[in-house]
Amino acid sequence: MEGLFAGYEPQGYCEVITPDGPRSHYAGLVERLGALSADDMAARAALVESILRRQGITFAVYGEKSGTERTWPLDLVPRLIPAAEWDHLERGLTQRVTALNLFLEDLYVGQNTAVREGIIPQWLIESSPGYVREAIGVPVPGGARCIVSGIDLVRDGEGVHRVLEDNLRVPSGVAYVLENRAALARAMSMAFEGHRVRPVNHYGASLLRTLSEVAPNGLTDPTVVVLTPGVFNSAHFEHVFLARQMGVELVEGRDLVVEDNRVHMRTTRGLQRVDVIYRRIGDESLDPVVFRPDSLLGVPGLMSAVRAGTVTLANAIGNGVIDDKALYPFVPQLIKHYLNEDAILPNVTTYHPWDPEQLEHVLGRIDQLVVKPTGESGGYGIVIGPKATDEELATAAANLKRDPRAFIAQETIQLSTHPTWIGDRLEPRHIDLRPFVLAGKRVEVVPGGLTRVALRKGSLIVNSSQGGGSKDTWVLGA
Amino acid sequence: MLARHAEDLLWIGRYLERAEDTARLLDVTYHTTLEAADDEVSSGAWRDLAETLYLEDETKDMDRATLARFLVTDPTNGGSIVAAVGRARENARGVREWLTLELWEEINAFHLELAGMDLARALEQRPYALCELVRRRCETIIGVATAAMPRTEGYQFLLLGQLLERAGITARLLWVWQRRLAGIGASAGFLEWTKVLRSVSAYEAYLREHHATFDGLRVLSFLLASRELPRSVLYCLEVAERQLVSLSSGPYGRASLRAIGRVRSDVEFAEPTQLSGPSLASFLAELEGRIQGLGRVIEDDFFRHADFGLYAYETF
C-alpha cells in the first residue's frame, strides 16, 4: 500500500486492512485516500472543524468549567459497512427491539410472563432504578414503548458483531449521523464516488411518520412536539435539529400545560392541543406531581394525561428497566421467550455478581474483566481489568462485594480498530457503532448509525464525554 | 407558534438593534467630540450618550475610556455590545428551528468573532473600526433574515423587536437632544444638527430632503415623523403596526393594536405647537414612555395570555 497507508500497521481486528491488503469493500476508499498528501488531509480536517464550529455543532462537557463547549470531533476517514453485513445487523436489531418492546409491554400491562416463567427474578426488576411503578397498568397507544432506540454494537477480535448495551430511554447521537454525512460530503466529496452510499437524511421524515403512527386514538394528523430540558442540556443541539428536521415545535416543560387531562402548548394564539411528545427528558423529571417534585423540567399533570390516554410519550415511561445493565444478560433469553427465535446478534459474555458463584468467578478474574456500574451511562465508572492499576482493581473488588447488584462484569472485548486521522497521519483507533431503530407500526433501522472512535491511543472508551470522536458511517449498496 | 419562541425572537431583534445602535452612537460621540470646542461640550456629549442608553446612573462617575468599555465589553451591563450579542445568540440557540441555517451561522459567527477579539485594545486603538464591524455584522444578520426567512410569525416577531427597540432609541435620543438644545439655546450649531442626524444614519437623507438648511423643528420633524426614514419614530411604528395586524387573531393582539395605533397617530398627527417651545419636552418624554409601555402590552398580549392558567406567570 502506498501514500497515506504506507507503513500503516493494523491492530487487532482491523475493519479495513488484512495482512493480504484492504478488505474488498474498502479497496476503493483505500486507493483514493492513499493518493492524498498529509497536507491535503490536514486542510480537509480544518475544513470539517470550521464547518462544524460555524454551525454550532458542539456538545457540552459536564464536570468541566460550566459552559464549556467542544466542537464535535469528526474523523475524515469514513467507516464502511457492506450490504450483506448491514442486512445481518438490521435483522438482529429489529429482532432485539421487537422482543424488548414485547417484554416491557408484558411487564407493565401484561401477565409478566418473563418473571412467571422464571427467566428473570422479580426482585431484580423491582430493585432497578429504571422500573417505574406508576407505569404499571397504564397502556400506551399501539403498545409501542421502544419507539426510538439506540443499540450499541461492538465488533470483537474475531470480527463478530455483539450488542454491548441497549438504550431504550432517550438515546442521543442521531443528529450527528446526519451532520457527519453533510460535513464529510463537503470535505471528502471525492471519496463518495462509486460507493453508492445509502442516504440518511430522510431520518426526520421517518421519525415524524413513526411518531404519528403511535398517536393516541388513531389520530391521523397529530400535533407532534419535541420536549427538551433546555439549552443547557448537552444534547440540546440534537433536540433543535430533530424539531427542525420534522418541522415541529421544540417545547420546554414550561411551554406545556395540562387541562382536563389533555396536554396543550402555549402559543401566541392561545392554547393548542399536543398529541405526541418526543420527550428528551428522563422519566423522573416528566411530572413533578408524580415524580421528582423539585424538577422544573417537566409538566405538572402530564401523568394524568398519559393515564387518560390523550397523549403519546415517546419513549414510554419505564423503559429504563432494560437500560439497567443488570437485566442486559437476560436479553437473549427474552428474545427466545417472546419470539421463539435465537438471538441474531449475541451479547458480550456477562456475569451478574449478585449470584454468589458468579461473584466468586468475577473476583478471581477481575484483572481480565470489565466491571461496569449497572446504573451509569456515558462510560462513567467503568473499570477495565487489563488496564487498571492494582489499587483500582482492589477498589472495584471491594465495591463488588459490598453491592453486587450495582455492577456487572464482562469479558474484555478488544474492539475492532479503524484507520483514523490523528494529527498528521493515519493510526489505528478502536470503534463501536450505535445504530438507531424506529419502531412504530413497523420497525425501521437508519442505515449505519453513529460510529464512535476512542481517540486516545489504545483506549476502549468511545463516549464523547470521555474524549471520543466519531466517523461518518456508510452502508454500501448491494 | 410557541409564545416563548415568539418572545425569544422578539428579543433577538431587540438585542441586535441595541448592539448596532450602541455602536453607532458610540462612533458618533467619539468622532464629534474630536472636534468639540471645549471640554464642557465634549463631556456633555458623553453624558448624553449614557443617558440615551438609559445608563446615566450606572456610569455617573466613569471617565470616557471606562464608559466606552462599559458600553462595549462589560458583561455586567446587559446592554453592552458583547452582552447583547451573547444574549441574541443564546436566544437564537433556543429558537434555532425558526431560523435558517445561514441566519444562525451568522449570529453564532459574530458571537465567536467578538469572543475571540481583544476588544479593550481594539476600542483603544481603532474605535472606528470596531464600531464599524459591529454595525456591519448586525446589518448582515438582519439582511440574511430579510433575504431568507419566510414572512411568518417568526420573522414578524423578530422584526417587531427590532422596530420597537429602534423607535424607543430614536425617541429617547430626541428627548436627550432637545434638552441639550434647550440648554445651549440659539448658539446650537452645525455640530449638534449633524450629530443627532448621524446618530440615526439620517444625515445624508436629511440633506437630500431639506438641503443643508438646518433648524430645530425640521430636524425634529424629520426624525420623528418622516414616512421615508427607516429610523424615524413614525416609520418604525407604522411597520411594527403592520406586523401586529398580521400577527393578531381574534382576542390575541387586540390590546397591542389599540396601543400602537394610538401612539402612532399621536406621532403622525402631532401639532406644531406640541413640537416646539415648552410642550416639546413633555411630548417627547411621554412618547418615550409610551413606546416602552407598548413593549409590555405586546408581551402580555402574545406571551402571557390569561388562559395560560395557573402556571403561566410562575414559569415565564
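Modeller: Let's start with an open sheet in chain A, where four strands line up in the order S9-S8-S13-S14 and pair in the parallel sense. At its edges stand S9 (249-251) and S14 (312-314), and each has a single partner strand, so one side of each is left without a neighbour in the sheet. From one strand to the next, the twist averages 30°.

The model is predicted, so local features need pLDDT of at least 70 and side-chain atom pairs pLDDT 80 or more, while totals for chains, interfaces and linings use all residues. Residues are numbered from 1 along each chain as written, chains are lettered from A and ligands numbered from 1 in written order, and side-chain values use heavy atoms, without hydrogens or water.

A few words on terms: helices (H or I, at least four residues) and strands (E, at least two) are DSSP runs numbered from the N terminus. Two strands pair when DSSP finds at least two bridges between them.

Now look at one pairing in that sheet. S8(A), residues 224-227, runs parallel to S9(A), and three bridges join the two. One bridge links Leu227(A) to its partner Val251(A) in S9(A). Helix H9 of chain A (236-246) lies across S8, S9 and S13 (276-279), running at about 150° to S9(A). For such angles, axes are lines fitted to C-alpha atoms (for helices over the stretch in contact), and the values run from 0 to 180 degrees between N-to-C directions.

At the other edge, what follows S14(A)? The loop between S14 and helix H11 (320-323) of chain A holds Asn315(A). The peptide bond leading from Ala314(A) into Asn315(A) is cis, with omega near 0°. Such a feature is worth a second look, because most peptide bonds are trans.

The edge strand S14 (312-314) of chain A also brings us to Pro141(A), whose contacts (heavy atoms within 4.5 Å) include Thr312(A). Not counting residues up to four places away in sequence, Pro141(A) also touches Val214(A), Ala215(A) and Pro216(A). Pro141(A) sits in the loop between helix H5 (122-126) and strand S6 (148-155) of chain A. Its C-alpha atom is 9.8 Å from that of Val306(A), although the two residues are 165 apart in sequence.

Next comes another sheet of chain A, for contrast. Three strands form this open sheet in the order S10-S11-S12, with antiparallel pairing. Its edge strands, S10 (256-259) and S12 (270-273), each pair on one side only. Here the twist averages 45° from one strand to the next. S10(A) and S11(A), which spans residues 262-267, run antiparallel and are joined by four bridges. Leu256(A) has Met265(A) as its bridge partner in S11(A). In the loop between S10 and S11 of chain A you will find Asp260(A), which has a positive phi of about 50° although it is not a glycine.

Lys471(A) and Asp75(A) form a salt bridge (a side-chain nitrogen of Lys or Arg within 4 Å of a carboxyl oxygen of Asp or Glu), their closest N and O atoms being 2.6 Å apart. Lys471(A) is in strand S24 (468-475) and Asp75(A) in strand S5 (74-81) of chain A, so the pair ties together parts 396 residues apart in sequence. Over all chains, the search finds 62 salt bridges.

Finally, let's cross to the partner chain. In the interface, 37 residues of chain B are in contact with 28 residues of chain A. The rule finds four salt bridges across this interface. Arg54(A) forms a salt bridge with Glu105(B), with 3.1 Å between the closest N and O atoms. Several elements give two or more residues to the side of chain B that touches chain A, among them H1 (3-33), H5 (101-115) and H8 (153-184) of chain B. The largest share of that side, seven residues, comes from H5(B). Glu106(B) also belongs to helix H5 of chain B. Setting aside residues up to four places away in sequence, Glu106(B) touches Arg54(A) as well as Thr140(B), Ile141(B) and Val144(B).
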